[in-house]
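Here is a short briefing to read alongside the structure. Take a look at the overall fold before turning to the details below.

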Amino acid sequence: MRKKLGYLIGKIFLDRKSKKTPKGKKVLINDCQKIGNYIFKTPLIKGLGEAGYEVYILGSKYTLEMARENPYIKDVIIDNSYRKKSTDIFRNIKTGFKYRNKFDYYIEMVGSIYLREIILMKLLNPGMIIGMKRKFGKILKMIDVVINPQKHIRENGIEVLKYFNIKEPNLNYDIHLNRDHKYSKLIKRKPLVLYNGTASTKSRSVEENVEKRLIEKLRKISWIDFRKIEREKSILDLCGLISQSDLLLTVDTGTSHIGSGFNIPIIIDRCDEQVYPKSSIVWEKDFNDENIDKYVEDILRSLYEIAI
């Protein structure tokens, strides 16, 4: 009810067309605060960058490292509205005033009916707003180009590229590493198999007893180097480790998207929700399966045969 009331207030007092028009190629893309949401938008960022647009993103301390290594991003605007709380409205107001009239295009890919999102768009006052149809089918007048929501954030970005007459750059996510990451000189003597069972929500995380049994089984496979992914000092170190792996077992979370960025073969825990890793080789498997270790061995042998 509070969301709809906020939307109604924004609709009445703020939803007006801007008289500005784009004069240059400065683009601001929102909703890049979470690792997954940032990675999903990398095909959009790359497509715009290769076409000569100057791309900025609204990011956070969590995505800053990755974004700074991306050659298609001019700069990252930090507002740290990671959890999307009501108090973020004050960060949005501050960001809106600070960057008012500085962008030719604002690409809004949230599609929410939150008042804070409407205020941000109004205060930024870009030359053109390219945005999503709002939730519940609502449309804002201030959005100049309305994109119909697709099944996934990545596909929303591809729809935006179509407006710019830009062909999708590739099928993969776009992740860049520096040369000095922790695992840049990792020497592997066995196939490296990584596991992550923790997601941002409990419903998508692996239960403790299931995880314990799975890890015990995989550690008994003597001819692989099995590691559970632990907390790294930096997101780039995590990306570096995953880039060196031969197989990744994970729930649907940031690690799966990073693995997809490096086209690592992935076994993803089967859940009730649709998953979107974009690696060329992906399997969905219940991590509670009694024969998960045999399944992993069969896959690794198949991958080895393909490699040779």
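**Overall fold**

Of the contacts (heavy atoms within 4.5 Å) in the protein chain with a separation of 6 or more, 60% join residues 24 or more positions apart. This is a predicted model, in which local features need pLDDT of at least 70, side-chain atom pairs count only at pLDDT 80 or more, and totals for chains, interfaces and linings use all residues. Residues are numbered from 1 along each chain as its sequence is written, and side-chain values use heavy atoms, with hydrogens and water left out.

**Chain as a whole**

- The protein chain has 11 helices and 11 strands, counted as DSSP runs numbered from the N terminus (helices: H or I, at least four residues; strands: E, at least two).
- Buried residues make up 52% of its 308 residues; buried means under 20% relative accessible area, with a 1.4 Å probe and protein chains only.
- Along the principal axes, the C-alpha atoms fill a box of roughly 65 × 40 × 30 Å.

**Helix 9**

- Helix 9 (residues 235-243) is mostly covered, with 8 of its 9 residues buried.
- Those buried residues are I235, L236, D237, L238, C239, G240, L241 and I242.
- Their cover includes helix 2 (35-40), helix 4 (64-68), strand 7 (192-196), strand 8 (225-228), strand 9 (247-250) and helix 10 (254-261).

**D15**

- D15 sits in the loop between helix 1 (2-13) and strand 1 (26-29), and D15 counts as buried because its relative accessibility is 0%.
- Beyond its neighbours within four places in sequence, D15 contacts G10, I139, L140, K141 and M142.
- D15 and K122 are 107 residues apart in sequence, yet 7.9 Å apart in space, C-alpha to C-alpha.

Terms used:
Buried means under 20% relative accessible area, exposed over 50%, partly exposed in between (1.4 Å probe, protein chains only).
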